[in-house]
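Thank you all for coming. I would like to walk you through one model this morning, going from its strands to its cores and then to one of its pockets.

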Amino acid sequence: SNTNTPGIYTFYAECSSDAICRTPTNFVINALPTAPTLGTITQPTCATPTTGSVDLTNLPASGTLSQKVGTTTTVVSYTGNSKTLSELAVGTYTFTVSNGSCESSPVSVTISPLVTNTWNGTSWSPNIPKDETHFNENIIFEGDYDANNDKDLYGCSCEVKSGIVVIKENHTMNIINDLKVTGGSLTFLNTASLVQTNDVANTGNITYNRTTPKIRPTDYVYWSSPVIQTIGSFSTTGSLKYYYDLGWKAPSDLDVMAKGLGYIIRGQVDTETTYDASFVGVPHNGPAPITSNTPDKY
């Protein structure tokens with residue numbers, strides 16, 4: 001008899017010369033334990049980009065819960081009838097329960113990595129990171145990006161691997177975590193912005209352009225650097241420039257512009273005109289505490 005239907009099946013050993021002389025034996029098929037029920041599945045997010053979680057319910061009051069990923073099987077302890085498994089790395093997990101002799105049917109869940117939206121020089125794939133719904137997706141540039149740059153960008157992190165990438169005027173790159181420029185270049189034109197939510201380290205140089213209104217040769221303009229660079233690499237060597245620290249002080253051209261500190265720099269041309277400035281360096285990020293050194297003064 002070939003069956004997997006739970007129940008009691010009676011078989012007889014019978015004497016071939018006397019059909020009345022026989023001995024019964026019972027073959028018992030126990031019901032399989034009920035498979036775990038998948039509850040809430042949490043995929044990786046920008047806050048936890050490498051791990052997810054799953055809720056398992058409908059577990060037997062007593063039994064063994066097994067978790068298999070790849071070729072590795074582990075026994076998971078639990079109490080009651082439910083279990084939340086957190087910090088699950090990216091991969092496919094199979095869960096079964098056993099009552100000691102029988103194992104349930106498996107249930108599976110896949111923890112997927114963050115989506116990466118890639119610009120290949122012509123188009124985005126798989127998504128266009130055009131609004132806040134893409135904050136849990138990464139951005140990668142692998143080609144020139146200029147003519148199609150007519151929108152704000154949103155992502156968990158951004159990496160420029162190759163290509164000349166230009167963020168146009170009045171547009172913003174909004175990312176939660178870090179910015180990396182490992183190849184190619186990244187330029188923010190006048191009035192374009194880089195906005196980062198978390199205080200994380202950036203890698204590689206960007207170019208951040210700003211244009212002044214028309215200024216006279218004797219005018220001073222306040223500047224504060226969004227990148228790590230010396231003041232001499234930003235302004236004309238020898239031009240008049242100062243910062244305030246219990247009085248006006250003149251920095252050396254070799255001084256790195258302090259994060260968040262304002263510098264005044266005198267007009268650098270002989271006629272009244274605009275001035276195009278380019279900040280080039282690794283972008284600053286995080287808080288920039290500045291102590292007021294003259295209370296009750298402007």
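This is a predicted model: local features need pLDDT of at least 70, side-chain atom pairs count only at pLDDT 80 or more; totals for chains, interfaces and linings use all residues.

Let me begin with a term: helices (H or I, at least four residues) and strands (E, at least two) are DSSP runs, numbered from the N terminus. Residues are numbered from 1 along each chain as its sequence is written, and side-chain values use heavy atoms, with hydrogens and water left out.

With that term in hand, I turn to Asn170, which lies in the loop between strand S15 (164–167) and strand S16 (172–175). Its phi is near 65°, a positive value in a residue other than glycine, and I mention this because most residues other than glycine have a negative phi, and most peptide bonds are trans. Is Asn170 buried or exposed? At 60% relative accessibility Asn170 counts as exposed, where buried means under 20% relative accessible area, exposed over 50%, and partly exposed in between, with a 1.4 Å probe and protein chains only.

Glu87, however, is found in strand S7, and with a relative accessible area of 68% it is exposed. Strand S7, residues 83–89, also holds Ala89, which at a relative accessible area of 40% is partly exposed. If contact is taken to mean heavy atoms within 4.5 Å, then Ala89 touches Thr50, Thr51 and Ile111, not counting residues up to four places away in sequence. Ala89 and Asn170 are 81 residues apart along the chain, and their C-alpha atoms are separated by 39 Å.

Next, the pairing of strands. Strands of a sheet pair through backbone hydrogen bonds, either parallel or antiparallel, and here two strands pair if DSSP finds at least two bridges between them. Strand S1 (residues 7–15) and strand S2 (residues 18–29) pair in the antiparallel sense over nine bridges, forming a hairpin with two residues between them, and the bridge partner of Gly7 in S2 is Ile29.

Five strands form an open sheet of mixed pairing, in the order S11-S10-S12-S14-S17. Its edge strands, each pairing on one side only, are strand S11 (124–125) and strand S17 (179–181). S11 is joined to strand S10 (residues 115–119) by two bridges in the antiparallel sense, and Ser125 in S11 is the bridge partner of Thr118. Ser125 has a further feature, for a cis peptide bond with omega of about 0° joins it to Pro126, which is placed in the loop between S11 and strand S12 (137–142).

Strand S10 also contains Trp119, which is buried, with a relative accessible area of 2%. Which residues surround Trp119 in contact terms? Leaving aside neighbours within four places in sequence, its contacts include Trp124, Ile140, Phe141 and Tyr145.

Phe141 brings us to the cores. A nonpolar core is a set of buried Ala, Val, Leu, Ile, Met, Phe, Trp, Tyr and Cys residues joined through side-chain atoms within 4.5 Å. The largest one has 33 residues, and those with the most contacts inside it are Phe141, Met173, Leu186, Phe188 and Ile206. A second, separate core of 14 residues includes Leu59, Leu65, Leu88 and Phe95. Returning to Phe188, residues that it touches include Ile167, Met173, Leu194, Ile206 and Tyr208, with those up to four places away in sequence not counted.

Finally, Leu194, Ile206 and Tyr208 are also among the residues lining the second largest pocket, as are Pro226 and His284. S19 gives the most to this lining, with three residues, and strand S19 (193–196) and strand S20 (206–211) each supply at least two. A pocket, on a 1 Å grid over the protein atoms alone, is an open set of points where a 1.4 Å probe fits, with protein on both sides within 12 Å along at least five of seven lines, and lining residues have an atom within 4 Å of a point.
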